[in-house]
Amino acid sequence: MATAHHHRAGPLTTLAYLFLLLSQNIAALLLLPLVIASAVLSLIWIGLPFVILTGHLLRTLADSQRRTLTHLDHHRPVHSGYRPIPPTGINRRASVIITDPATWKDLLWLITGTVNILLIALPLTLIGHGTYQTLHALGLTGGPAIYGYTPTDTTERLLFLIPATLLIALGTTLATPALRLYTAFNRLLLQPSEKARLTARVAHLATSRANTIDTQAAEIRRIERDLHDGAQARLVALGMNLGMAEQIVEHDPATARAMLAEARETTRTALIELRDLVRGIHPPVLVERGLHGAVHALALTHHLPITVTVTLPGRPADPVESAAYFAIAELLTNTAKHADATHAWVHINHGDDRLVITVTDNGHGGADAAPGSGLAGIRRRIDAFDGTMNITSPTGGPTIVTLEIPCALSSPKTSPSSEKD
């Protein structure tokens, strides 16, 4: 087992983490009876919805513990390795939860909650008792006598302060080793096995591949439809006008000139539609100026005031750059249509081999990546690159959408970071 590198923190931070872990394990103990009840009820069909509910609660609580362990352990992530739960079907959803090895590791973590609480409570109890004894010796508390005795003079108070100080010192000394031991033990419980991680990875890639194929097929159908209904129809009309003009040019030159003028206008409109179609596939500005220039150009043409801040020392690969650009464009379109916002902000930077994009607006909030929504489409788009999307959108706003896409950057750019209002 790898040695846990405990997060170096001061005494107050260590105590804060101990209280946080204590609250999480108390919540785990409270959840345990519900999980047991759902397991018993799962023997009959009526208990399956209860299994789904407790399964979601268990995953949420265990993921909260994983995030805390990640912070404690030098930000080394503790992966979950959960199998994706199908969006529909009670039997299918319950079956995935019950048969998922990660669920059983979470259950083991729940069962060991008592051991975790004892481990955490030891230094907290020593510090708490020592603090109470100190306050009692100083006459600052009106609580019951300690050890059946209340000090009355200075000498007796000093005699009470000596063990109190030792208890606080012992508790403070044990806090860091207890936190280190807790981190290592619970990382072992909650970290998925290599086989489980590979299985989850394969399932994720299969889902991502299917979504990518569906997205590409829909995009091809859109292009075909736009060509058929737009440029193709206008080019057919152009050919008909030219043919008719050719037939009447000798005996009715005025009408022929009018038809040629109409043909010229049809050509201009067809070119505009073709240009818009190409821009929708891969904008020329993205090729010429990269993500930095393309997003600034997008902000300039948007009717909503947008502040853009870009800090990129290079350019991502073309597919990543394109996916990022269209994701930003879709987010800004959603903001303009649904958020009732008066301003939006786009911040792009790169760190830890990840392209990080944050789009914020001051609208009314309530954004949700429900199936079939534009946000769900964005999630599918970046999921093809192992990207993630996090949404914070409380009622009343603001809405903050953060996209992270793993990628490397090419050679440094010559243009500096800038800002546009």
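The points below go through this predicted model, from the annotated spans and helices to the cores and a few single residues.

1. The UniProt record, an unreviewed entry, places the feature "transmembrane region" at residues 12-32, 38-58, 107-128 and 158-179. In the model, residues 12-32 are 100% helix and 0% strand, with 30 Å between the end C-alpha atoms. The span 158-179 is likewise given as 100% helix and 0% strand, and its end C-alpha atoms lie 32 Å apart.

2. Helix α4, which covers residues 101-111, has A102, T103, D106, L107, W109 and L110 as buried residues. These residues lie on the same side of α4, because the arc they cover around the axis is only 155°. As background to such a pattern, an α-helix has 3.6 residues a turn, so residues three or four places apart point the same way. The exposed residues W104 and I111 are carried on the face of α4 turned away from its buried side.

3. At the N-terminal end, α4 is capped by D100, which has a side-chain oxygen 3.1 Å from the backbone nitrogen of A102.

4. G130, a residue of helix α5, deserves a separate look. Its relative accessible area is 0%, and G130 therefore counts as buried, the limit being under 20%. Leaving aside neighbours within four places in sequence, G130 is in contact with A164, L167 and I168. The C-alpha atoms of G130 and L161 are 8.6 Å apart in space, although the two residues are 31 apart in sequence.

5. The largest nonpolar core has 35 residues, of which L291, V346, I348, L355 and L403 touch the most other members. Two or more residues each are given to this core by α9 (284-301), β1 (306-311), α10 (318-339), β2 (344-351), β3, α11 (374-383) and β5 (399-406). The largest share, nine residues, comes from α10.

6. I357 belongs to strand β3, which runs over residues 354-361, and I357 is buried at a relative accessible area of 0%. When residues up to four places away in sequence are not counted, I357 touches A324, I328, H347, I348, V401, T402 and L403. I357 and V310 are separated by 47 residues in sequence, yet their C-alpha atoms are 9.2 Å apart in space.

7. For the aromatic rings, the count comes to one aromatic pair. The partners are Y325 and F326, in an edge-to-face arrangement with 5.4 Å centre to centre and 80° between the planes; the pair is called edge-to-face because its planes are over 60 degrees apart. Both partners fall under the 20% limit and so count as buried, Y325 at 9% relative accessibility and F326 with a relative accessible area of 17%.

Key
Residues are numbered from 1 along each chain as its sequence is written. This is a predicted model: local features need pLDDT of at least 70, side-chain atom pairs count only at pLDDT 80 or more; totals for chains, interfaces and linings use all residues. Side-chain values use heavy atoms; hydrogens and water are left out. Rings of Phe, Tyr and Trp (its six-membered ring) pair if their centres lie within 6.5 Å; planes under 30 degrees apart count as stacked, over 60 as edge-to-face and the rest as tilted. Buried means under 20% relative accessible area, exposed over 50%, partly exposed in between (1.4 Å probe, protein chains only). Helices (H or I, at least four residues) and strands (E, at least two) are DSSP runs, numbered from the N terminus. Contact means heavy atoms within 4.5 Å. The arc is that of the directions from the helix axis to the C-beta atoms. A polar contact is a pair of N or O atoms within 3.5 Å; within protein, one must be able to donate a hydrogen and the other to accept it, and residues adjacent in sequence count only if both atoms are side-chain atoms. A nonpolar core is a set of buried Ala, Val, Leu, Ile, Met, Phe, Trp, Tyr and Cys residues joined through side-chain atoms within 4.5 Å. UniProt positions are given in the numbering used here, feature names are shortened, and annotations may be inferred rather than shown by experiment.
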